Amino acid sequence: TGDAMEQAALPAGEEHILRVHEALEELAKADRRMAQVVELRYFGGLSDAEIADALEIGERTVRRDWEHARLLLAKALR
């Protein structure tokens, strides 16, 4: 029965991943840099300093983009 529960959970997980991907695409259309910050932090595991270096922006900008993007993505994923 544990396997059946795990299999039943897979589509929901896949659906969530698809929704996140679509939300990130929409975010990228509105603000590409903000989407890059999310990708580097969430998927790449980079620190604010590493993201700032990679995108050649300040750490404060990274933090501001991250906070704004989190709010937008949370709203999109409701």
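This is a predicted model: local features need pLDDT of at least 70, side-chain atom pairs count only at pLDDT 80 or more; totals for chains, interfaces and linings use all residues.

Q: In which helix does His68 lie?
A: His68 lies in helix H4.

Q: Why is His68 called partly exposed?
A: Its relative accessibility is 40%. Buried means under 20% and exposed means over 50%. The value for His68 falls in between, so His68 counts as partly exposed.

Q: What separates the C-alpha atoms of His68 and Met34?
A: A distance of 8.2 Å separates them. Along the chain, these two residues are 34 residues apart.

Q: What makes the pattern of this chain α-α-α-α?
A: The chain has 4 helices and 0 strands. Read along the sequence, that gives α-α-α-α.

Q: What share of the chain counts as buried?
A: Of its 78 residues, 22% do.

Q: Why is Thr61 called buried?
A: Thr61 has a relative accessibility of 17%. The cut-off for buried is under 20%, so Thr61 passes. Thr61 is also a residue of helix H4. Its C-alpha atom is separated by 9.6 Å from that of Val37, 24 residues apart along the chain.

Q: Why is Asp65 called buried?
A: Its relative accessible area is 4%. That is under 20%, so Asp65 is buried. Asp65 too has its place in helix H4.

Q: What makes the pair Asp65 and Arg33 a polar contact?
A: The contact joins the two side chains at 2.6 Å. The limit for such a pair of N or O atoms is within 3.5 Å, so the pair qualifies.

Q: How do you know that the reach of H4 is close to the expected one?
A: H4 has 18 residues and reaches 25 Å from its first C-alpha to its last.

Q: How do you know that the buried residues of H4 line one face?
A: The buried residues are Thr61, Val62, Asp65, Trp66, Ala69 and Leu73. Seen down the axis of H4, they fall within an arc of 130°, so they line one face of the helix. On the other side of H4, Arg60, Leu71 and Lys75 are exposed.

Q: Why do residues three or four places apart point the same way in an α-helix?
A: An α-helix has 3.6 residues a turn, so residues with that spacing point the same way.

Q: What about H2: which of its residues are buried, and why are they said to line one face?
A: Met34, Ala35, Val37 and Val38 are buried in H2. Down the axis of H2, the buried residues fall within an arc of 155°, so they line one face. H2 spans residues 32–43 and has 12 residues. Its reach of 16 Å is close to the 16 Å expected.

Q: What makes Asp31 a cap for H2?
A: A side-chain oxygen of Asp31 lies 3.2 Å from the backbone nitrogen of Arg33. Just after H2, Gly45 takes a positive phi of about 70°.

Q: What puts the buried residues of H3 on the same side?
A: Asp48, Ile51 and Ala52 are the buried residues of H3. Their arc around the axis is only 100°, which puts them on the same side of H3. On the other side, Asp53 and Ala54 are exposed.

Q: Why is Glu56 called exposed?
A: Its relative accessibility is 74%. Exposed means over 50%, so Glu56 counts as exposed. Glu56 is found in the loop between H3 and H4.

Q: What sets the phi of Glu56 apart?
A: Its phi is positive, about 55°, although Glu56 is not a glycine. Most residues other than glycine have a negative phi.

Q: What volume does the largest pocket have, and which helix gives the most to its lining?
A: The space is about 260 Å³. H1 gives the most, with 5 residues. H1, H2 and H4 are the elements that give two or more residues to the lining.

Q: How many nonpolar, polar and charged residues does the lining have?
A: The lining has 9 nonpolar, 2 polar and 1 charged residues. Among the lining residues are His16, Val38, Trp66 and Arg70.

Definitions and conventions:
Residues are numbered from 1 along each chain as its sequence is written. Side-chain values use heavy atoms; hydrogens and water are left out. The expected span of a helix is 1.5 Å times one less than its number of residues. Buried means under 20% relative accessible area, exposed over 50%, partly exposed in between (1.4 Å probe, protein chains only). The arc is that of the directions from the helix axis to the C-beta atoms. A polar contact is a pair of N or O atoms within 3.5 Å; within protein, one must be able to donate a hydrogen and the other to accept it, and residues adjacent in sequence count only if both atoms are side-chain atoms. On a 1 Å grid over the protein atoms alone, a cavity is a set of points where a 1.4 Å probe fits but cannot get out, and a pocket is an open set with protein on both sides within 12 Å along at least five of seven lines; lining residues have an atom within 4 Å of a point. Grid points are joined across faces, edges and corners, and a volume is the space filled by probe spheres set on the points. Ala, Val, Leu, Ile, Met, Phe, Trp, Tyr, Cys and Pro count as nonpolar, Asp, Glu, Lys and Arg as charged, and the others, Gly among them, as polar.
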